[in-house]
Amino acid sequence: PASVDLSAPALAAHAPWLRVWLPWLRAIASLTVAQKGNVRDSAVVALQRALLQSGGSSGEAGAPPISAAFEGVVFPLLADLLQRAVAGTLDDERLMLRAVTLLSKVFLHHLATLLTLPNFSVLWLRALELLQSYLRAPNNELLLEAVPETLKNLLLVMATAGAFEDSSGGEESLAAMTKAVISSWGVPELQLSWEEAVGEGK
């Protein structure tokens, strides 16, 4: 599994809790590739619930732990499912679709918190990279329709939250980087989604 440096300054204060929480999340995520479909479905539901409720009464909610969950659990899960689909060892597009939904729901649920991260752009661009990869997955009829809709929703909510507002407006702004990535997808309707969410001038 992807490693998360718990000694990093941003995570040090949360390290005792993360040493328990991250392995627990990874254990749930590992069940998403179980042989039985009902086990896979239950695992996705359980993982999504755990991530949405993270930090509730424990007081551990915060940008660094949530970021660690994405880097150590969510992103590796989506990458693993994609790798299995490409290799022909996973033929469950519905499961991949649910994983995309999980990423989107958890990301938006914690968006206000995540936006405080100094490296938010890294997290966001990694999410975009995975969504783009899912468009190219084998047997992706459902994903071809769902991924653009998922991205459109992400863009609209992020724009409303002010994520793309940057007075510099340079090539390294989040808006500029996002637009460049979306343009590289070669999906015309996504460009329209970008313009609807952020405005034609950006």
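The axes of helices H9 and H10 come within 9 Å and cross at roughly 160°. Axes here are lines fitted to C-alpha atoms, for helices over the stretch in contact, and angles run from 0 to 180 degrees between N-to-C directions. The crossing angle makes H9 roughly antiparallel to H10, a label for angles over 145 degrees. Five residues of H9 make the contact: Ala 175, Thr 178, Lys 179, Ile 182 and Ser 183. From H10 come Leu 190, Gln 191 and Trp 194. Contact means heavy atoms within 4.5 Å. By class, this contact has four nonpolar, three polar and one charged residues.

This is a predicted model, in which local features need pLDDT of at least 70, side-chain atom pairs count only at pLDDT 80 or more, and totals for chains, interfaces and linings use all residues. Residues are numbered from 1 along each chain as its sequence is written, and side-chain values use heavy atoms, with hydrogens and water left out.

Now look at H9 itself. H9 covers residues 174-184. Helices are DSSP runs (H or I, at least four residues), numbered from the N terminus. Which residues of H9 are buried? They are Leu 174, Ala 175, Met 177, Thr 178 and Ile 182. Buried means under 20% relative accessible area, exposed over 50%, and partly exposed in between (1.4 Å probe, protein chains only). The buried residues of H9 pack against helix H7 (120-135), helix H8 (141-160) and helix H10 (188-198). After H9 comes Gly 186, with a positive phi near 70°.

Stay with H10 for a moment. Ser 193 sits in this helix. Ser 193 is buried, at 7% relative accessible area. Ser 193 touches Lys 152 and Leu 155, leaving aside residues up to four places away in sequence.

Next, the loop between H7 and H8. Asn 139 is found there. Its phi is positive, near 50°, in a residue other than glycine. Asn 139 counts as exposed, at 59% relative accessibility.

Finally, turn to H2 (residues 15-30) and H3 (residues 37-52). Their axes come within 8 Å and cross at roughly 155°. That makes H2 roughly antiparallel to H3. Contact residues include Trp 21 and Trp 24 of H2, and Ala 43 and Leu 47 of H3. The contact divides into 10 nonpolar, no polar and no charged residues.

Note on methods: Helix = DSSP H or I, 4+ residues; strand = E, 2+ residues; numbered from the N terminus. Parallel < 35°, antiparallel > 145°, perpendicular 65-115°, else oblique. Nonpolar A, V, L, I, M, F, W, Y, C, P; charged D, E, K, R; others polar.
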